[in-house]
Amino acid sequence: MHVPLDEKPKRGSDVRELARVRDILIRPRVTLLFDHWSEDWTALAWVRARGTATLWEPGEDAAAHRRLLEALRDKYPQYRSHALEDRPLIRIELDGITSWSADGHLEAEGD
C-alpha cells in the first residue's frame with residue numbers, strides 16, 4: 001500500500017516535517033482502521049490493517065516510483081496536477097488484517 005504526500009495545503013513546506021512522517025520514522029508500526037457507520041447498528045462493520053510503514057524516497061527506485069505515480073494519477077485524476085515526482089511516498093507493508101461486522105459477514109484474518 002502506498003500513500004502520496006501530495007500538495008494539499010499543509011502547515012509547513014517540507015512534507016518530511018509532517019507529524020505523520022515524523023511518527024513513522026520514530027515508530028514504523030502502523031494501524032489503519034476503516035469503518036462503516038450506520039444508525040442501524042446491525043449494519044456496523046470495520047476492518048483493521050496492521051503493518052510497517054517506511055518513507056519511500058523517489059531516488060530509491062526511480063522507475064518504480066514513477067510507475068506508482070502513473071497508477072495513482074490514473075485512479076485519482078486530482079493527482080495529475082500535483083508535482084509528486086520529488087516527494088516521498090508512505091509505503092505500508094501489511095502483515096495482518098482483522099475485520100468485524102454486526103451481521104457476521106466479515107471474517108477475521110491474520111490474528
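These legends go with several close-up views of a predicted model. Residues are numbered from 1 along each chain as its sequence is written, and side-chain values use heavy atoms, with hydrogens and water left out. Since this is a predicted model, local features need pLDDT of at least 70 and side-chain atom pairs count only at pLDDT 80 or more, while totals for chains, interfaces and linings use all residues.

**View 1. The open sheet has four strands in the order β1-β4-β3-β2.** Pairing here is antiparallel; two strands pair if DSSP finds at least two bridges between them. Strands (E, at least two residues) and helices (H or I, at least four) are DSSP runs, numbered from the N terminus. β1 and β2 sit at the edges with a single partner strand each, so one side of each has no neighbour in the sheet. On average, neighbouring strands are turned by 35 degrees against each other, direction ignored.

**View 2. β4 pairs with β3 and with β1.** The antiparallel β3 and β4 are joined by 12 bridges. Look for G51, whose bridge partner in β4 is L94, and for R50, whose partner in β4 is G96. On the β1 side, three bridges hold the antiparallel pair β1 and β4, and P4 has L89 of β4 as its bridge partner.

View 3. Axes are lines fitted to C-alpha atoms, for helices over the stretch in contact, and angles run from 0 to 180 degrees between N-to-C directions.

**View 4. R16 and E57 meet in a salt bridge.** The N to O distance is 2.8 Å; a salt bridge puts a side-chain nitrogen of Lys or Arg within 4 Å of a carboxyl oxygen of Asp or Glu. The pair links distant parts of the chain, 41 residues apart: R16 is in the loop between β1 (2–4) and α1 (19–26), and E57 is in the loop between β3 (45–56) and α2 (62–75). D14 joins in too, as D14, R16 and E57 are linked in a network of salt bridges. R16 is partly exposed at 30% relative accessibility, and E57 is partly exposed at 24% (buried is under 20% relative accessible area, exposed over 50%, partly exposed in between, with a 1.4 Å probe and protein chains only).

View 5. The whole structure has five salt bridges, including one between D23 and R27 at 3.9 Å, N to O.

**View 6. A nonpolar surface patch includes L94 of β4.** M1, V3, F34, L94 and I97 make up about 410 Å², with areas from the Shrake-Rupley method and a 1.4 Å probe; for residues, only the protein chains shown count as cover. Patch residues have over 30% relative accessible area and no salt bridge; like charges are joined within 9 Å, nonpolar side chains (Val, Leu, Ile, Met, Phe, Trp, Tyr) within 5 Å. L94 is partly exposed, with a relative accessible area of 41%.
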